[in-house]
Amino acid sequence: MYELAKELFPLNRSITGSGVRETLKILSKYHPIKLYEIPTGTRAFDWTVPREWNIKSAYIENENGEKIIDFEQNNLHVVGYSTPVDKNLSLEELQKHLYSLPEQPDVIPYVTSYYKERYGFCMTYNQRENLKPGNYHVRIDSELKEGNMTYGEIIIPGETEEEILLSTYICHPSMANNEVSGPVLTIHLAKYISELKKRRYTYRIVFVPETIGSLLYLSRNFQ
């Protein structure tokens, strides 16, 4: 289980995109998972599946061309769902797009903007306080497009149609105690349950992005 956790942890997951698909692909090695691709714009009660987001790279450079933060070093450095950008900003302008936690000065915060188009970077408060006046080159190589939200489902039949539902989230990056430990434990439970010789209940096991994934699944299966 620990090796699987190490494999999943570096993936840049969000509520849509290649990180989610890669996560489900890896989990499927342990037990088959039926995958669903839900198009952008699909309604889930009063929510709507957003556009698909993917990112290749992102960084901030100082005037000497030194990268002061780099997405490749830590995927929390970029606000989730950031729109693409490639421009030079003064420190004053840059501050409008920075996020940090004064009460936790050594922590990189996790910030998202799923339903409002903007861009931003996250860094520790200590690092932000040490930024010097000058011009900074900011670049985010990302894409927002009409695509899909992906989720997975396993149904293991039992002797009755009464069900036990297990659900886990697969969206947040760099979160070992939830979006890594949850899928790891759940896929091993699925494997264990499927190998039982007798099962009284049917097991419904779902792997979904947080909030919109749960709402979409409920709208399709439990109205």
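R21 is partly exposed, with a relative accessibility of 25% (buried denotes under 20% relative accessible area, exposed over 50%, and partly exposed the range in between, with a 1.4 Å probe and protein chains only). The model is predicted, so that local features require pLDDT of at least 70 and side-chain atom pairs count only at pLDDT 80 or more, whereas totals for chains, interfaces and linings use all residues. Residues are numbered from 1 along each chain as its sequence is written, and side-chain values rest on heavy atoms, with hydrogens and water left out.

The structure contains 12 salt bridges, a salt bridge being a side-chain nitrogen of Lys or Arg within 4 Å of a carboxyl oxygen of Asp or Glu. R21, E37 and E52 belong to one network of such bridges. Between E37 and R21, the closest N and O atoms are 3.0 Å apart. This pair ties together parts that are 16 residues apart in sequence, because E37 lies in strand β1 and R21 in helix α2 (residues 18-27); helices (H or I, at least four residues) and strands (E, at least two) are DSSP runs numbered from the N terminus. E37 is partly exposed, at a relative accessible area of 37%. In the salt bridge of E52 with R21, the closest N and O atoms are separated by 2.9 Å. E52 is located in strand β4 and R21 in helix α2, so this second pair ties together parts 31 residues apart in sequence. With a relative accessibility of 3%, E52 is buried. A further salt bridge joins D70 to K67, with 3.9 Å between the closest N and O atoms. Here D70 is buried, with a relative accessible area of 12%, while K67 is partly exposed at 46% relative accessibility.

The largest nonpolar core comprises 36 residues, and those with the most contacts inside it are I60, L94, F121 and I140 (a nonpolar core is a set of buried Ala, Val, Leu, Ile, Met, Phe, Trp, Tyr and Cys residues joined through side-chain atoms within 4.5 Å). At least two residues of this core come from each of β1, β4 (52-61), β6, α3 (91-95), β9 (135-145), β10, β12 and α6. Apart from it lies another core, of 20 residues, which includes L4, I156, I170 and A190. When neighbours within four places in sequence are set aside, L94 is in contact with I60, L89, Y136 and V138, contact meaning heavy atoms within 4.5 Å.

Helix α6 (residues 212-221) has I212, G213, L215, L216, Y217 and S219 as its buried residues. These pack against β1 (34-39), β2 (43-44), β3 (47-48), β10 (148-156) and β12 (202-208). T211, in the loop between β12 and α6, has a phi near 65°, a positive value in a residue other than glycine. T211 is partly exposed, at 31% relative accessibility. A positive phi, near 50°, is also found at S174, likewise a residue other than glycine, in the loop between β11 (163-169) and α5 (176-194). S174 is partly exposed, with 24% relative accessibility. Most residues other than glycine have a negative phi.

Grid points are joined across faces, edges and corners, and a volume is the space filled by probe spheres set on the points. The volume of the largest pocket is about 160 Å³. Its lining consists of N62, E63, N64, I68, Q127, L131, K132, P133, G134, N135 and Y136, which by class are four nonpolar, five polar and two charged residues (Ala, Val, Leu, Ile, Met, Phe, Trp, Tyr, Cys and Pro count as nonpolar, Asp, Glu, Lys and Arg as charged, and the others, Gly among them, as polar).

N88, in strand β6 (residues 85-90), touches Y136 and H137, not counting residues up to four places away in sequence. The C-alpha atoms of N88 and N62 are 9.7 Å apart, with the two residues 26 apart along the chain. N88 is exposed, at a relative accessible area of 57%.

One cavity of 30 Å³ or more is present. The largest cavity holds about 70 Å³ of space, and the residues lining it are N12, R13, S14, W53, F71, N75, L76, V78, G80, Y110, T112 and P173. Six residues of this lining are nonpolar, five polar and one charged.

Definitions and conventions. 1 Å grid on protein atoms, 1.4 Å probe; cavity = no way out; pocket = protein on both sides within 12 Å on 5 of 7 lines; lining within 4 Å.
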